[in-house]
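Dear colleague,

I am handing over the structure we spoke about, and below it I have set out what was found. Please read the notes with the structure open beside them.

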Amino acid sequence: MAPASSNPLQGPELQFMTALWNVWQALSGQGEQALRTRHGLGLRAFITLSHIQAAPTYPAALAQALGLPRYEISRVLGELETRGAVIRTSRPGESGRVVVTVTPQGGALWRSALDTLGMATAPALDALGPDREHLTSLLTRVAQAAQGDSR
């Protein structure tokens, strides 16, 4: 048997990625199921709505922030617009530029969905205790570094 240090399955990179994968699979699956069951809303649409809830934005900025292709953002925005959760309006003097804003109905949907997501993920996140904020901070730093963001 090869020494542990030469075993690629024991490497820190794979251990990190495997742990991240397992957390994502478990929590996103639980969150997705709860959001779809209670609100008819997928996790991708919820996260998109969260970004718009924070501030009106342009579809291209959403695509960049979420790391998704523009066509996917357009599809998700169409879904949210059909539900009356967001509106897309042209900006005067900015030919072809559209800004996306949350409607009051979308704000209510977002708040309710946020509560649902909180209930679905609470058992796992509560198990972290005081380490929760630190882990979130570290994961944010990893994401920023992976995206080449120097913030």
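Ser28 is a buried residue, because its relative accessible area is 11% and a residue counts as buried under 20%. Please bear in mind throughout that this is a predicted model, and that the values here are computed from it. Ser28 sits in helix 1, which covers residues 12–39, and once its neighbours within four places in sequence are set aside, the residues in contact with Ser28 are Val23 and Leu43.

Ala85 belongs to the loop that runs between helix 4 (70–82) and strand 1 (86–90). With neighbours within four places in sequence again left out, Ala85 is in contact with Leu49, Leu80, Thr101, Val102, Thr103, Gly106 and Leu109.

Along the principal axes, the C-alpha atoms fill a box of roughly 65 × 35 × 25 Å. When contacts between residues at least 6 apart in sequence are considered, 53% of them join residues at least 24 apart.

As for the surface, 27% of the 151 residues count as buried, and the chain exposes about 10000 Å², of which carbon and sulfur atoms supply 59%. The side chains include 13 positive and 11 negative ones, and the centres of these two sets lie 7 Å apart.

Finally, towards the end of the chain, helix 6 comprises the 16 residues 131–146, and the distance from its first C-alpha to its last is 22 Å, close to the 22 Å expected at 1.5 Å a residue. After helix 6 comes Gly148, which has a positive phi, near 75°.

Methods: Residues are numbered from 1 along each chain as its sequence is written. This is a predicted model: local features need pLDDT of at least 70, side-chain atom pairs count only at pLDDT 80 or more; totals for chains, interfaces and linings use all residues. Side-chain values use heavy atoms; hydrogens and water are left out. Buried means under 20% relative accessible area, exposed over 50%, partly exposed in between (1.4 Å probe, protein chains only). Contact means heavy atoms within 4.5 Å. Accessible areas come from the Shrake-Rupley method with a 1.4 Å probe; for residues, only the protein chains shown count as cover. Lys and Arg count as positive and Asp and Glu as negative; His and the chain ends are not counted. The place of a charge is taken as NZ of Lys, CZ of Arg, CG of Asp or CD of Glu. Helices (H or I, at least four residues) and strands (E, at least two) are DSSP runs, numbered from the N terminus. The expected span of a helix is 1.5 Å times one less than its number of residues.
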